[in-house]
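Please keep the sequence and the structure in view while reading.

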Amino acid sequence: MNFCEAKSEVKQLLNKVNPSELPKLLNWIRNSDEFDELLSDNKTVILRNISNELRVSVPADAMFPSETTAHCKMQQCSRPTVHVDSFLYDEDQVDSLCEEGTMSRSYCLTCGSYRTAPLDFISHSFSISELQFLFENVLPDLSGRMLVDVGSRLGAVLYGVLHTDVCLQDILLQNTDILIMNNVFEFFMEPSEQVRAWRFIMENFRKKGSLLVTVPSLLESLNTLQQEALQPGWVEELPVDYDVYLGRDTDPEAFRQIHLYRVI
């Protein structure tokens, strides 16, 4: 059954529902955990199990003392910012930690007072729902293709063993079919180093038809560096269908940060 057929079936079913019961049914569709469970599959369960195992093996903020540049960049943000890894903690888990007092969503504007403001949260990893969206709705079948995730951190996108500077991997990039870059430079490199890395990628990731996934968009990343000369003329942006429902706790705006390009 395709989308149009399913849509017609749903409409016919809703027409049969007692009008007084229809609001209850629609509310169940929107908010019930039961409905979300129907959308769950074994792949999602595996990802959640990996997340659960990793959560007890890394620091609460999933950052290490060696990530000095990232720590400094967060301290320079206009508002207090903390790292909450989206792959390890979903919204329900963050709420639970806040209720326990282990985490807070607010900071004190005047120490000792009730004047508080919301903290900014940042993640350097895809959430489980973002991974589902990426692999099921954005990327094609990856059979026989080489995928490279620059800055894989905890391995949410791809578990790998290559511990090196991407700017030393020209041969790897020249043979890559899918390149994924989730906000990999801004918090981990100084601007001059970011420019160097972008130039290297543009010079070597040039196999025609290869796909590039970035968060945020190339335009935003390069404009931040004020590098008009690095505007992405070697790729074209492809349309992405963001109108996908993956559960009531998903963040549609997070999906819209995922951009897909093709090397031309």
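A polar contact is a pair of N or O atoms within 3.5 Å; within protein, one of the two must be able to donate a hydrogen and the other to accept it. The model discussed here is predicted.

## Ser-127

Ser-127 lies in the loop that runs between strand 4 and helix 7 (128-138). Its side chain makes a polar contact of 3.2 Å with the side chain of Ser-129.

Is Ser-127 buried or exposed? Ser-127 has a relative accessible area of 13%, and buried means under 20%, so Ser-127 counts as buried. Once neighbours within four places in sequence are set aside, the residues in contact with Ser-127 are Ser-86 and Phe-87.

## Glu-67

The loop between helix 4 (42-55) and helix 5 holds Glu-67. With a relative accessible area of 16%, Glu-67 is buried.

Which residues touch Glu-67, apart from its neighbours within four places in sequence? They are Ala-62, Arg-153 and Phe-188. With Arg-153 there is also a polar contact between side chains, at 2.6 Å.

## Helix 5

Helix 5 spans residues 68-75, and its buried residues are Ala-70, Lys-73 and Met-74. Viewed down the axis of helix 5, these buried residues fall within an arc of 100 degrees, so they line one face of the helix. An α-helix has 3.6 residues a turn, so residues three or four places apart point the same way.

What covers the buried residues of helix 5? The cover includes strand 1 (81-83), strand 4 (120-122) and helix 9 (191-204).

## The second largest pocket

The second largest pocket has a volume of about 1,100 Å³. Its lining is made up of 34 residues. Those nearest the centre of the pocket are Val-150, Gly-151, Ser-152, Arg-153 and Thr-164. Arg-153 is also the residue whose side chain forms the 2.6 Å polar contact with Glu-67.

Which elements give two or more residues to the lining of the second largest pocket? They are helix 5 and strand 5 (147-149). Sorted by class, the lining of this pocket has 17 nonpolar residues, 13 polar residues and 4 charged residues.

Conventions: Residues are numbered from 1 along each chain as its sequence is written. This is a predicted model: local features need pLDDT of at least 70, side-chain atom pairs count only at pLDDT 80 or more; totals for chains, interfaces and linings use all residues. Side-chain values use heavy atoms; hydrogens and water are left out. Buried means under 20% relative accessible area, exposed over 50%, partly exposed in between (1.4 Å probe, protein chains only). Helices (H or I, at least four residues) and strands (E, at least two) are DSSP runs, numbered from the N terminus. The arc is that of the directions from the helix axis to the C-beta atoms. Contact means heavy atoms within 4.5 Å. On a 1 Å grid over the protein atoms alone, a cavity is a set of points where a 1.4 Å probe fits but cannot get out, and a pocket is an open set with protein on both sides within 12 Å along at least five of seven lines; lining residues have an atom within 4 Å of a point. Grid points are joined across faces, edges and corners, and a volume is the space filled by probe spheres set on the points. Ala, Val, Leu, Ile, Met, Phe, Trp, Tyr, Cys and Pro count as nonpolar, Asp, Glu, Lys and Arg as charged, and the others, Gly among them, as polar.
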